[in-house]
Amino acid sequence: RQRIGFFLHIPLPPPTLLAAIPEHEWLMRCLFAYDLVGLQTRQDVQHFERYVCEEAGGQALGDGAFRAHGQRMVCRDFPIGIDVDG
């Protein structure tokens, strides 16, 4: 089995806003198909964790690992940016 990752290039909204998005359950279930999900900021990871625990009935396993929808995956922040002066 090959590992696969996904990086979300936009901010992840807080759980209450995320839950208001049509098809939010499908979207989050799809993210659990990846072994690693990268987000831009620590706050985005916190939003993800709160959504998983409060909305998806999942659990945080520690060290960025989560379990929900019968899957285990890792979600971490990978801050990126550009050199605007360059």
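A residue is called buried at under 20% relative accessible area, exposed at over 50% and partly exposed in between (1.4 Å probe, protein chains only). The model is predicted: local features need pLDDT of at least 70 and side-chain atom pairs count only at pLDDT 80 or more, while totals for chains, interfaces and linings use all residues. Residues are numbered from 1 along each chain as its sequence is written, and side-chain values use heavy atoms, with hydrogens and water left out.

**View 1. Asp63 in the loop between strand 3 and strand 4.** Helices (H or I, at least four residues) and strands (E, at least two) are DSSP runs, numbered from the N terminus. Asp63 counts as exposed because its relative accessibility is 65%. Its phi is near 55°, a positive value in a residue other than glycine. Most residues other than glycine have a negative phi.

View 2. Glu23 is not a glycine, yet its phi is positive, about 65°. With 57% relative accessibility, Glu23 counts as exposed. Apart from neighbours within four places in sequence, His24 is in contact (heavy atoms within 4.5 Å) with Leu18, Ala19 and Tyr51.

**View 3. Parallel pairing around strand 2 (residues 36–39).** Strand 2 pairs with strand 5 (residues 71–77) in the parallel sense over four bridges. Leu36 has Val74 of strand 5 as its bridge partner, and Val37 has Cys75 of strand 5. Strand 1 also pairs with strand 2 in the parallel sense, over three bridges. There the bridge partner of Phe6 is Val37 in strand 2.

**View 4. The largest pocket, with a volume of about 170 Å³.** Its lining includes Phe6, Ile10, Pro13, Leu18, Cys30 and Tyr34. Helix 2 gives the most to this lining, with three residues. On a 1 Å grid over the protein atoms alone, a pocket is an open set of points with protein on both sides within 12 Å along at least five of seven lines, a 1.4 Å probe being used for cavities, and lining residues have an atom within 4 Å of a point.

**View 5. Arg3, in the segment before strand 1.** Arg3 is exposed, with a relative accessible area of 76%. Arg3 and Asp35 are 32 residues apart in sequence, and their C-alpha atoms are 6.0 Å apart in space.

Note on methods: Points joined across faces, edges and corners; volume = space filled by probe spheres on them. Pairing = 2+ DSSP bridges.
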